[in-house]
Each structure stands twice: as C-alpha cells, then as structure tokens.
Amino acid sequence: MTTAPQTTATEKKNGITGQAGGTGRSAQGGATTTVSGGSTGATEPAGTRGRTSIADVVVVKIAGMAAREIPGVYDMGGGLSRTIGAVRDRVPGGRPNVGRGVKVEVGERQTAIDLDLVVEYGVPIADLARDVRENVIDAVERISGLEVVEVNITVNDVHLPDDEDPERPVETRVE
C-alpha cells in the first residue's frame with residue numbers, strides 16, 4: 001500500500017511538494033531532496049539510471065555564497081548569530097559559516113529561501129535586494145536544478161563606516 005506525499009501548510013502555500021520522511025524542512029536537519037527520480041534497467045539511457053538527491057545544507061551554502069557575492073552585503077545573520085559566528089571565525093582551525101543568515105525550505109523539485117542581511121550604509125536597499133535575489137535564484141537553479149519559488153530578504157542592520165571593524169585592533173587609552 002502506498003501513502004500519499006505529506007505537505008506542510010507552508011509548502012501548500014508556496015506550492016512546494018514534500019515527501020514523507022525524506023524531505024527536510026530546515027538546513028540543520030541534514031535531510032535530502034530528490035531532484036530526479038530516475039529509472040532503472042539496462043535499456044534506459046545511462047544518464048537517467050538512478051536517483052539524484054541534494055542535502056538541504058547544499059542549497060543553504062549555495063544561497064549564502066551567492067548572496068555574499070553582491071557588493072553592499074556587509075554580513076549575514078541576526079545579531080546573536082553574527083556574534084556567535086564572529087567568535088567561531090576567530091577560533092584557530094575554524095571555518096566561516098557560509099550558511100549563517102540563510103534558511104531554506106526544500107520540496108521535491110522546488111525551494112524557498114529566507115535571507116537575513118546586514119547592508120553597507122549608503123547602498124540603496126531595494127536595488128541591493130533585487131541584485132541579491134537575482135544572483136541567489138540564478139545560482140541555486142543553475143547548480144542544484146531546483147526551482148526557486150521565492151527569496152525573502154530581511155535587512156537586520158546597516159553597517160556604518162564608523163562601526164568597529166572586528167579585524168582592526170581597538171585602540172586603548174593606556175599601555
């Protein structure tokens with residue numbers, strides 16, 4: 001007996017179809033998404049034999065890298081996320097988290113992406129959001145083969161020129 005695929009309310013709203021027990025809802029879950037079901041048998045073309053699955057974290061990393069490529073994006077993530085990330089980045093042997101500030105919801109063939117950005121002061125936010133959205137959609141669709149149904153952008157902060165740069169040592173008044 002086969003069971004029908006289960007979908008969440010958000011998936012129904014966004015037109016994303018999920019698969020019971022096999023499709024992830026967040027980047028942290030490590031779930032995978034089937035991009036192509038494929039087929040089996042020696043008579044089938046070699047390129048269609050088998051399935052292709054993409055982990056949610058792959059979409060998170062692609063979207064994070066694509067968003068950071070746009071000039072005017074200073075950082076990504078909320079305040080606490082950025083603070084924890086800055087500490088982790090300074091630990092010897094630690095790697096920067098390219099997925100910070102990115103949340104994805106992935107179905108069988110579609111994905112929806114939420115981005116939290118910190119923008120440079122003076123950059124037109126509407127233009128920046130359009131450029132980020134276009135770059136993220138292009139990268140995710142080109143690399144993963146998933147259709148991006150929406151990219152929601154939240155601007156959490158503006159980086160001012162006078163803000164302290166974490167790489168620059170803070171001057172002290174005493175020696």
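Let me open with one serine: the backbone oxygen of V140 lies 2.5 Å from a polar atom of the side chain of S144, and on another side of the account, the backbone nitrogen of L146 lies 3.1 Å from a polar atom of that S144 side chain. This is a predicted model, and I would ask you to keep that in mind for each distance I quote. S144 has its place in helix α4, which runs over residues 125–144, and S144 counts as buried because its relative accessible area is 6%, where the cut-off for buried is under 20%.

With that detail in place, let me step back to the overall layout. The secondary structure comes to 4 helices and 6 strands, and, read along the sequence, these elements follow the pattern α-β-β-α-β-α-β-β-α-β. The protein has 175 residues, of which 33% count as buried, and its accessible surface comes to about 10900 Å², with 52% of that area belonging to carbon and sulfur atoms. If we take the contacts with a separation of 6 or more, residues 24 or more positions apart account for 64% of them.

Which residues have the most contacts inside the largest nonpolar core? That core has 27 residues, and the ones with the most contacts inside it are V59, V102, I113, L115, V132, V136 and V140. The elements that give two or more residues to this core are helices α2 and α4 together with strands β3 (73–76), β4 (102–106), β5 (110–120) and β6 (147–159). As for L115, if we do not count residues up to four places away in sequence, L115 touches A67, M76, G101, V102, V132, V136, V151, N152, I153 and T154.

Now to the charged side chains, where the structure holds 6 salt bridges. One of them joins the side chains of D116 and K103 at 3.8 Å, N to O. D116 lies in strand β5 and K103 in strand β4, so this pair ties together parts that are 13 residues apart in sequence. Are the two partners buried or exposed? D116 counts as buried, at 17% relative accessibility, whereas K103 counts as exposed, at 52%. Leaving aside neighbours within four places in sequence, K103 is in contact with A112, I113, D114 and D116, and K103 is also 9.4 Å from G64, C-alpha to C-alpha, although the two are 39 residues apart in sequence.

A second salt bridge is formed by the side chains of R109 and E108, at 3.9 Å, N to O, and here R109 is exposed, with a relative accessible area of 55%. A further one brings together the side chains of D138 and R142, at 3.8 Å, N to O. Both of these residues lie in helix α4, 4 residues apart, which is about one turn of the helix. D138 is partly exposed, with a relative accessible area of 43%, and R142 is exposed, at 57%. Salt bridges that share partners also join D127, R130 and D131 into one network.

Let me finish with H159, which has its place in strand β6. H159 is buried, with a relative accessible area of 13%, and a polar contact of 3.3 Å joins its side chain to that of E120. What else is H159 in contact with, once its neighbours within four places in sequence are left aside? Besides E120, H159 is in contact with Y74, V118, V119 and Y121.

Definitions and conventions. Residues are numbered from 1 along each chain as its sequence is written. This is a predicted model: local features need pLDDT of at least 70, side-chain atom pairs count only at pLDDT 80 or more; totals for chains, interfaces and linings use all residues. Side-chain values use heavy atoms; hydrogens and water are left out. Buried means under 20% relative accessible area, exposed over 50%, partly exposed in between (1.4 Å probe, protein chains only). A polar contact is a pair of N or O atoms within 3.5 Å; within protein, one must be able to donate a hydrogen and the other to accept it, and residues adjacent in sequence count only if both atoms are side-chain atoms. A nonpolar core is a set of buried Ala, Val, Leu, Ile, Met, Phe, Trp, Tyr and Cys residues joined through side-chain atoms within 4.5 Å. Contact means heavy atoms within 4.5 Å. Accessible areas come from the Shrake-Rupley method with a 1.4 Å probe; for residues, only the protein chains shown count as cover. A salt bridge is a side-chain nitrogen of Lys or Arg within 4 Å of a carboxyl oxygen of Asp or Glu.
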